[in-house]
Every structure is written in structure tokens, then in C-alpha cells.
Amino acid sequence: MRRRVILLGPPGSGKGTVAARLKNECGFDHFSTGHWLRQEVARGSALGRQAGLFLERGELVPDEVVLALVKDALSNAQPDLGYLSDGFPRTLAQAQAFDAWSSPRGLGIEQVIYFECSEALVLNRITGRRSCGSCGRVYHVTLVPPGQPGRCDDCAGELTQRADDTESVVRKRFKIYLRETEPLIDFYRQQAKLDVVNASQPVDVMMSQTMSLLQR
Ligand code: AP5
């Protein structure tokens, strides 16, 4: 199985949902730059204060801030470490800078799985998303509901809606995705690293297709 993998796709395509399952079921070391940034905002750190406004508006945090976060997290990693990234890189500048930094360290990306999904589907999924404030598990009010409304199945934590999950902010995030992140599809296709999953399918189907691609 390949070990250094990027999940690429629009907001709401299911990257976080599939990544969490791959982590639990296959032991992947999963990281999400969005999750790290929200943690910094919640902590009220200097980085969180800098990034908070970008997140709230649905805009991308500057490349240098995100690159510094990722490099810092991987700086002590042994060559050949495995990872599963959800949400990074998401601009060409991030992808190029990360390639240049990670390849000589034996940490280069081996495979990119692109979750293809329409704007209409994304909108429905994201506006119904609820996340556990304690463990971070993600649900959807109708598509992936918890056993007890408003409570996490795993830890009974309270389920809340992300501040950037309103319809207007999601539409903006999708536009930014098309402009900034979609060019990465060709970038990784040219490197012969890209595989595609139809993300409009149920979670279990997405999951089994992703697993098959990882085992190729
Ligand atoms: P981030 O947290 O990365 O958000 P995102 O990419 O916008 O993606 P989402 O988390 O919204 O969606 P997802 O694909 O993970 O979907 P999920 O599995 O939750 O980034 C947030 C912000 O941080 C950015 O806007 C930016 O400001 C900043 N940021 C982060 N990284 C950055 C970077 N590299 N550079 C610059 N800025 C950065 O699923 C969504 C919903 O659908 C859930 O309710 C789920 O239950 C449901 N669902 C999922 N799959 C299915 C399915 N197959 N069938 C039915 N329901 C499903």
C-alpha cells in the first residue's frame, strides 16, 4: 500500500470523512490543515488570530503560513514516513514548494486521490454537516446522522456547525477551490500520481474505491 497520500477535492467532497476512516481502519497518520488552523483559532494563538479571519470568510490562509505549519509538523519525521493529507496542498504554489521541500527528505507525495463532486452536492452536504466539539467526528443531519440527535456516537460530545459552513461562505469556498485548487488536478496528473473517485456515491462506496486505489 502507498504511504504518502493526498486527498484532493472541493469542500464537502468527503475528504475528512474518508480520511478519518482510513486512519481508524488502516492506521494512516492523517493530518488536516483545516483542523490544525481551527485548533489554533480556538486556542487564541498568534497564528490563530492571523488565520481566523481567512477561515471565517472562506478564504485561503496565506501559502507561507500553511507551509510553515506543515513543514514544522513534518520536520522531525524520518524519511519514508507515511501520511495522509486532507486539505493540503491547495494552491500550485503550495504544491510546488512542498515538492521541493519534501522530495529531498524522502517525504515526497506518492499518490493523489481526487474526489470529484458538483457544487450542488457540496452545498447540501456542507450545510447539513455537524462536527463533534470533543473528538472531531463528522456527521450530517440527514445523510450521516448520529444515533442521538446533537450528540456524538463515540464520545457523547456536543455536535456543532462550523462557522464557515453557511451557504454564502460555502459558495465562496467552492469558487476559490475552482480558481486555486482545481489546477492541482493537472499538476498531479502530469506527475502520473492522480487517481479519481466519484465523490457523489455513498461513503461506503467511496471508501472501498479509495482502498482499492491505495492498494494498487
Ligand atoms: P478544511 O477544513 O480543509 O475544509 P474544506 O477543504 O473546505 O473541506 P471540508 O472539511 O469542508 O470538506 P470535506 O471534503 O472534508 O468533507 P467532509 O468529509 O467533512 O479548510 C477550512 C479552511 O481552512 C479553508 O477554507 C481555509 O481557510 C483554511 N485552509 C485549510 N487548509 C488550507 C491550505 N492548505 N491553504 C490555505 N488555507 C487552508 O463531508 C462534508 C459533509 O458531507 C459531512 O456532513 C459528511 O458527513 C457528509 N458526507 C461526506 N461524504 C459523504 C457521502 N459520500 N455521502 C453522503 N454524505 C457525505
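**View 1. C132 sits opposite L159 in strand 7.** This is a predicted model, in which local features need pLDDT of at least 70 and side-chain atom pairs count only at pLDDT 80 or more, while totals for chains, interfaces and linings use all residues. Residues are numbered from 1 along each chain as its sequence is written, and side-chain values use heavy atoms, with hydrogens and water left out. Strand 5 (residues 129-132) and strand 7 run antiparallel and are joined by two bridges. Helices (H or I, at least four residues) and strands (E, at least two) are DSSP runs, numbered from the N terminus, and two strands pair if DSSP finds at least two bridges between them.

**View 2. Three strands make an open, antiparallel sheet in the order 6-5-7.** Strand 6 (138-140) and strand 7 (159-160) are the edge strands, each with a single partner, so one side of each has no neighbour in the sheet. Helix 6 (residues 119-127) packs on this sheet, touching strand 5 and strand 6; contact here means heavy atoms within 4.5 Å. The direction of helix 6 makes about 40° with that of strand 5. Axes are lines fitted to C-alpha atoms, for helices over the stretch in contact, and angles run from 0 to 180 degrees between N-to-C directions.

**View 3. The ligand is surrounded by 36 residues.** The closest are T17, E59, R129, Y139 and R173; a residue counts as near if one of its heavy atoms lies within 4 Å of the ligand. Helix 2 (33-43) is among the elements that supply at least two residues of the shell, and helix 2 gives the most, with four residues. Helix 1 (15-26), helix 6, strand 6 and helix 9 (203-214) also supply at least two each. By type, the shell splits into 16 nonpolar, 11 polar and nine charged residues. Here Ala, Val, Leu, Ile, Met, Phe, Trp, Tyr, Cys and Pro count as nonpolar, Asp, Glu, Lys and Arg as charged, and the others, Gly among them, as polar.

**View 4. Five strands form an open sheet with parallel pairing, in the order 2-3-1-4-8.** Strand 2 (30-32) and strand 8 (194-198) stand at the edges with a single partner strand each, so one side of each is left without a neighbour in the sheet. Ignoring direction, neighbouring strands of this sheet are turned by 20° against each other on average. Strand 4 (residues 111-116) pairs with strand 8 over five bridges, and F115 stands opposite V197 in strand 8.

View 5. Most residues other than glycine have a negative phi, and most peptide bonds are trans. The F88 to P89 peptide bond is cis, with omega near -10°, and P89 lies in the loop between strand 3 (83-86) and helix 5 (92-102). A156, in the loop between strand 6 and strand 7, has a positive phi, near 65°.
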